[in-house]
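Dear colleague,

Please find below the structure that I am handing over to you.

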Amino acid sequence: MKRSIRAAIMGAVTAFSLLGGIGAADAGITILKDSNFASPTFTHSHPFAKEHIVLQVSQDSPARWGLVLSNAQNLMNYFGQEEVQIVVVAFGPGLKMYLANSPVAEKIASMDAEGVEFDACGNTYKAMTKEMGHPPKLVSQAVIVPGGIVRIMQLEQHGFDYVKP
């Protein structure tokens, strides 16, 4: 089911415009299909969630990344996996958390399987692509959104609690 949802949010036109000509297939990434600010979409369905939280990652710090993932796990343990919707948004130096060779890549895969969404800032991704001369390889669970801060604002306006560990 999760893979079909992820496949459903792939969009070549969105990828092309978001990444300035880099297609999703070329970059090996997933793009959030609908970035309508008024109506957020997600990679994981949480129809029974009573709690909604967005966690910010904006530092190039493996210790901070571990803290964010521990916070997410603690929330799931406390509320129950089906009772809480968690979105982790990484931007700026924090996007390095989502690199395929990140020390937390396996934990991200595990938490994605439990329903945690991992959103990557498209602006930061474009800047990293330009700086590196090629698209950075992200974990397959990362979903590119137009802007990390905009995504956080969107989620807050739709009832998500905001935490920056």
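Helices (H or I, at least four residues) and strands (E, at least two) are taken as DSSP runs and numbered from the N terminus. On that basis, the protein has seven helices and six strands, arranged along the sequence as α-α-α-β-β-α-β-α-β-α-β-α-β.

Please note that this is a predicted model, in which local features need pLDDT of at least 70 and side-chain atom pairs count only at pLDDT 80 or more, while totals for chains, interfaces and linings use all residues. Residues are numbered from 1 along each chain as its sequence is written, and side-chain values use heavy atoms, with hydrogens and water left out.

Burial and cores

Buried means under 20% relative accessible area, exposed over 50%, and partly exposed in between (1.4 Å probe, protein chains only). Of the 165 residues, 48% count as buried.

A nonpolar core is a set of buried Ala, Val, Leu, Ile, Met, Phe, Trp, Tyr and Cys residues joined through side-chain atoms within 4.5 Å. The largest such core has 30 residues, and those touching the most other members are Ile-86, Val-88, Met-97, Tyr-98, Ile-108, Phe-118 and Leu-138. Elements that each supply at least two residues of this core include strand E2 (51–57), helix H4 (62–79) and strand E3 (84–90). H4 gives the most, with six residues. A second, separate core of eight residues includes Val-87, Val-89, Phe-91 and Cys-121.

Salt bridges

A salt bridge is defined as a side-chain nitrogen of Lys or Arg within 4 Å of a carboxyl oxygen of Asp or Glu. The whole structure contains four.

Glu-117, Asp-119 and Arg-151 are linked in a network of salt bridges. In the pair of Glu-117 and Arg-151, the closest N and O atoms are 3.0 Å apart; Glu-117 belongs to strand E4 and Arg-151 to helix H7, 34 residues apart. Glu-117 is buried, at 2% relative accessible area, and Arg-151 is buried at 3%. Between Arg-151 and Asp-119 the closest N and O atoms are 2.7 Å apart, and both of these residues are buried.

Another salt bridge joins Glu-83 to Lys-50, with the closest N and O atoms 3.6 Å apart. Glu-83 lies in the loop between H4 and E3 and Lys-50 in the loop between strand E1 (30–31) and E2, so this pair ties together parts that are 33 residues apart in sequence. Glu-83 is partly exposed, with a relative accessible area of 27%, whereas Lys-50 counts as exposed at 64%.

With kind regards
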